[in-house]
Amino acid sequence: AVKILVRLNLETPNITSLRIKGVSANRDGVLGDTEEKLVYFCAGVSQTGEGDDPNWPEFIKFSLNGTTPNKICVSTNAWNWIVTEVNGIAVDNLMVDQTSGHIVYTVLAVPAPPWTQAPDNPCNPWASALGLVCDKRWAGGASTSKQAAGKIIEQVYRLGEYPVIDKGKAQHTDNSGNLDLSSYIVAAGMQMENCQDVAGVVCALGNVVGCSNDMIRLARWLDWPFKSNTVAPLPGGFWTNDSMAFHYVVTGADGIYDATFEFKYSVMLTMWAEGISLNDYLNLLVPSGESQPSPGTPSKPIIH
């Protein structure tokens, strides 16, 4: 069951215990009602008890009876808080408060690295990242990791700017591989990006909604240049075939994703690489008969 942590405050310090529950007050909320719990107080503040998380003192863990949708989405939740017992004495259902405006991001799985669930960590899933990628224009509505990553690369590509191959300097990634994801979220598509920027953004935004992808660097020995097929780098780029020393893409259980280039699959069909095998991807990227790059060690972006 879905659970929430709630800190309760009383204006009356002589109350030492309440039996309390939260009843859903809106139709579009996905979480439903909370369980009813006996909560103890000290100086008007709820006290962590049996079954609560000791890492969050004063916060009470409530289970909810709602079933979250099987897709990425955003909802706003509100609860009427009902008291049925005060200091061990039963009372009629007494509404003591209403809390509202609780934004809930429904994702496919627990966010994977570079995100973490450790308390008070700067890599806890950011509301700004979730707010961006859960939007219907991004991964909102996706019910599988492949759908989510596919929608993300399409949006990253559309918002990007040319040039983007290795001749264009990364704008959001430093020489140590640190990705300034916050600046990308604020200024998505407003600065020149290269393949390292793009792969880092696709990996980080996909993993915050439940994908489990990595970045890989494709290169030949000593970064000896390899020739590419005809590709279109980000909107504004011209169809061209060029040589490159390396290229970053995203890889996961569903295959390779690349939001940097649009490929010519045939004379009439052009599209991105969305969840295809590495072998198929390299055949798209490199002309037949040319030496192909090899994948490096999978890694996660370092975000800040």
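Predicted model: local features only at pLDDT ≥ 70, side-chain atom pairs only at ≥ 80, totals over all residues.
A disulfide is a covalent bond between the sulfur atoms of two cysteines. A search of the whole structure finds zero of them. Cys134 is in no disulfide either. For Cys134, the nearest cysteine sulfur belongs to Cys73 and is 7.7 Å away.

Are Cys211 and Cys134 buried or exposed? Cys211 has 2% relative accessibility, so this residue counts as buried. Cys134 is buried as well, with a relative accessible area of 4%.

## Ile15 and Ser17

Ile15 sits in the loop between strand S1 (3-7) and strand S2 (17-24). Its relative accessibility is 16%, so Ile15 counts as buried. Which residues does Ile15 contact, leaving aside neighbours within four places in sequence? They are Leu10, Phe41, Val86 and Asn87. Tyr40 is 25 residues from Ile15 along the chain. The C-alpha atoms of Ile15 and Tyr40 are separated by 8.7 Å.

Ser17 belongs to strand S2. Ser17 is buried, at a relative accessible area of 7%. Residues up to four places away in sequence are again set aside for its contacts. Ser17 then touches Leu38, Val39, Tyr40 and Phe41 among others. Glu85, Val86, Asn87 and Gly88 are also touched by Ser17.

## Backbone exceptions

Most residues other than glycine have a negative phi, and most peptide bonds are trans. Glu58 has a positive phi, near 80°. Glu58 is found in the loop between strand S4 (45-46) and strand S5 (59-63). At 28% relative accessibility, Glu58 counts as partly exposed. Asn87 is not a glycine, yet its phi is positive, at about 50°. Asn87 lies in the loop between strand S6 (73-86) and S7. With 35% relative accessibility, Asn87 counts as partly exposed. Asn87 is also one of the residues in contact with Ile15, and Ser17 touches Asn87 too.

Which two residues does a cis peptide bond join? They are Pro113 and Pro114, and omega is about 20°. Pro114 lies in the loop between strand S7 (89-106) and helix H1 (127-133).

## Helix H2

Several H2 residues are buried. Among them are Ala148, Ala149, Gly150, Ile152 and Ile153. Gln155, Val156 and Tyr157 in H2 are buried too.

Strand S9 (residues 214-219) is mostly covered. How many of its six residues are buried? Five are. In a regular strand the side chains alternate between the two faces of the sheet.

S9 pairs with strand S13 (residues 246-252) in the antiparallel sense, over six bridges. Asp214 has Thr251 in S13 as its bridge partner. S9 also pairs with strand S16 (residues 294-295). That pairing is antiparallel too, over two bridges. There, Ala219 stands opposite Ser294 in S16.

Note on methods: Residues numbered from 1 in each chain as written. Heavy atoms only, no water. Helix = DSSP H or I, 4+ residues; strand = E, 2+ residues; numbered from the N terminus. Buried < 20%, exposed > 50% of the residue type's maximum accessible area, 1.4 Å probe, protein only. Contact = heavy atoms within 4.5 Å. Disulfide = S-S within 2.5 Å. Pairing = 2+ DSSP bridges.
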